[in-house]
Amino acid sequence: MLEPQLQRPQTARDIARVFNRMALQGFGGVLAVAQRELVERERWLTQSQFLELLSLGQVLPGPNIVNMALIIGDRFFGWRGAAAAAVGLLAAPLLIVLLLATLYREYVDLPAVAGALRGMGAVAAGLVIGTAFKLLGGLRSNPLGRLPSAAVALLTLLAIGFWRWPMVTVVLGLGGASVALAWWRLGR
Amino acid sequence: MNALLYGTHGLDGGVLLALFMHFGMLSLLAIGGAITTAPDMQRFVVGERGWLTDAQFTSSVALAQAAPGPNLLFVAVVGWNIAGLAGVVATLTGSLLPSTTLALAASRYGDRKRESRAMQAFGAGMAPLTLGLLLATGWVLTAPVRDSPGALLLVPFTVLMLLKTRLSPIWLVAVGAVVGALGGAG
């Protein structure tokens with residue numbers, strides 16, 4: 001597969017800067033922006049590396065995007081990079097959200113404010129779904145094969161989104177089965 | 001000013017320690033993100049301790065979702081509303097320290113073994129699950145607006161714009177905010 005030329009950050013400060021820029025654009029979640037900034041703009045990761053790190057971030061307990069930021073920072077610059085990523089991602093948004101929390105009570109009853117929040121919520125949902133579509137291409141080269149990959153993705157969507165199964169059950173059950181199948185296919 | 005800095009319960013060491021411990025325990029259970037532990041946080045701070053009302057808890061989560069930055073920051077708003085800045089430190093460090101330590105240890109271990117069959121199988125096997133989870137998260141996020149045709153139209157519009165243009169997501173969020181403020185998502 002043809003990979004685009006990958007770049008790498010020069011210093012831990014670059015990491016803090018990029019994660020800060022990402023966080024400040026991330027209304028309703030940082031994931032869609034993270035894919036755009038890390039893969040398409042900075043080219044620190046390929047599409048499939050992004051997906052792999054996201055998987056790791058999802059499976060490990062804790063906030064996915066923070067886990068992913070720490071791991072990326074750590075891979076480039078060790079614990080200094082991890083700290084830079086965490087500070088970049090969290091510091092400015094923390095100040096903003098606390099300021100909003102203090103202002104919130106004053107304006108919550110305005111219909112325009114409530115409406116804007118709903119509109120932003122709908123777009124946030126679309127951003128997450130759109131990002132998933134962008135990453136689907138990464139499954140083509142998956143050793144699982146296309147059909148089993150599609151089946152696992154669909155079953156996960158149904159189990160979590162519609163049947164509301166607990167996350168632990170899905171990750172251990174379906175995830176375990178999927179990893180076992182991949183293990184078997186890789187050994188042939 | 002005191003209520004701002006210390007919240008409604010004052011700088012009570014017992015409250016802070018309890019917050020730190022409970023959020024720290026949930027941190028290690030938060031597979032799929034901090035938001036998956038929100039129901040248990042609510043049970044603890046609203047039901048068991050009575051530090052916040054239901055409405056205060058729900059608005060804390062909604063506010064952090066709408067603000068820029070990781071959704072995890074709703075734990076900071078919860079801490080802020082309970083015990084001011086000290087509460088923020090308690091809930092945020094509680095939510096972050098255990099999971100970040102584990103994430104870094106796991107990542108370094110995985111990196112050393114990255115050519116092994118087990119690690120390759122892990123990456124390949126989990127990738128479709130991760131995509132399924134993203135789709136499910138997107139679906140769950142549409143829950144508050146499913147009664148509004150205008151807001152529901154914004155979802156496929158956003159997906160299309162994200163896939164077919166190079167517009168930054170922040171502009172799409174701005175479109176959503178304007179449409180919503182004008183009453184289009186009501």
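How many residues of chain A are in contact with chain B, and how many of chain B with chain A? In this predicted model, 91 residues of chain A are in contact with 90 residues of chain B. The secondary structure of chain A comes to seven helices and zero strands, and that of chain B to eight helices and zero strands.

**Chain A**

- Read along the sequence, the elements of chain A follow the pattern α-α-α-α-α-α-α.
- Taken along the principal axes, the C-alpha atoms of chain A fill a box of roughly 65 × 45 × 30 Å.
- Chain A has 188 residues, and buried residues make up 54% of them.
- Where contacts in chain A join residues at least 6 apart in sequence, 57% of them join residues at least 24 apart.

**Chain B**

- From the N terminus on, the elements of chain B run α-α-α-α-α-α-α-α.
- The C-alpha trace of chain B spans about 55 × 55 × 25 Å along its principal axes.
- Of the 186 residues in chain B, buried residues make up 51%.
- For chain B, 54% of the contacts between residues at least 6 apart in sequence join residues at least 24 apart.
- Chain B is divided into domain 1 (2-141) and domain 2 (144-186).
- Between domain 1 of chain B and domain 2 of chain B, the C-alpha centres lie 27 Å apart.

**Helix 5 of chain B**

- Helix 5 of chain B covers residues 74-112 and spans only 34 Å between its end C-alpha atoms, whereas a straight helix of 39 residues would span 57 Å at 1.5 Å a residue.
- A kink of about 140° occurs in helix 5 of chain B, and this kink is centred on Ala83(B).

**Interface between chains A and B**

- The contact between the chains involves 91 residues of chain A and 90 residues of chain B.
- On the side of chain A that touches chain B, the elements giving two or more residues are helix 1 (12-25), helix 2 (31-41), helix 3 (47-59), helix 4, helix 5 (111-136), helix 6 (146-162) and helix 7 (167-187) of chain A.
- Helix 5 of chain A supplies the largest share of that side, 23 residues.
- By class, the side of chain A that touches chain B has 61 nonpolar, 24 polar and six charged residues.

**Nonpolar core**

- The largest nonpolar core holds 123 residues, and the members that touch the most other members are Ala85(A), Val128(A), Leu73(B) and Ala76(B).
- Helix 4 (residues 64-107) of chain A gives the largest share of this core, 17 residues.
- Apart from its neighbours within four places in sequence, Val128(A) is in contact with Gly29(A), Leu31(A) and Ala32(A) in chain A, and with Leu134(B), Thr137(B), Gly138(B) and Leu141(B) in chain B.

**Gly62(A)**

- Gly62(A) sits in the loop between helix 3 and helix 4 of chain A.
- Gly62(A) is buried because 29 other C-beta atoms lie within 10 Å, where 20 or more are needed.
- Not counting residues up to four places away in sequence, Gly62(A) touches Asn67(A) in chain A, and Ser27(B), Ala30(B), Ala34(B), Ser99(B), Thr100(B) and Ala103(B) in chain B.
- Gly62(A) and Leu98(A) are 36 residues apart along the chain, and their C-alpha atoms are separated by 21 Å.

- Most residues other than glycine have a negative phi.
- Arg43(A) has a positive phi, near 55°, and is placed in the loop between helix 2 and helix 3 of chain A.
- Arg43(A) counts as partly exposed because it has 15 C-beta neighbours inside 10 Å.
- Arg164(A) is not a glycine either, and its phi is positive at about 55°.
- Arg164(A) lies in the loop between helix 6 and helix 7 of chain A.
- Arg164(A) is exposed, since 9 other C-beta atoms lie within 10 Å and the limit for an exposed residue is 12 or fewer.

Methods: Residues numbered from 1 in each chain as written. Chains lettered and ligands numbered in written order. Predicted model: local features only at pLDDT ≥ 70, side-chain atom pairs only at ≥ 80, totals over all residues. Core = buried A, V, L, I, M, F, W, Y, C linked by C-beta atoms within 7 Å. Helix = DSSP H or I, 4+ residues; strand = E, 2+ residues; numbered from the N terminus. Contact = placed C-beta atoms within 7 Å. Domains from an automatic or database assignment. Nonpolar A, V, L, I, M, F, W, Y, C, P; charged D, E, K, R; others polar. Expected span 1.5 Å × (residues − 1). Bend = angle between axes of the 7 residues up to and from the residue.
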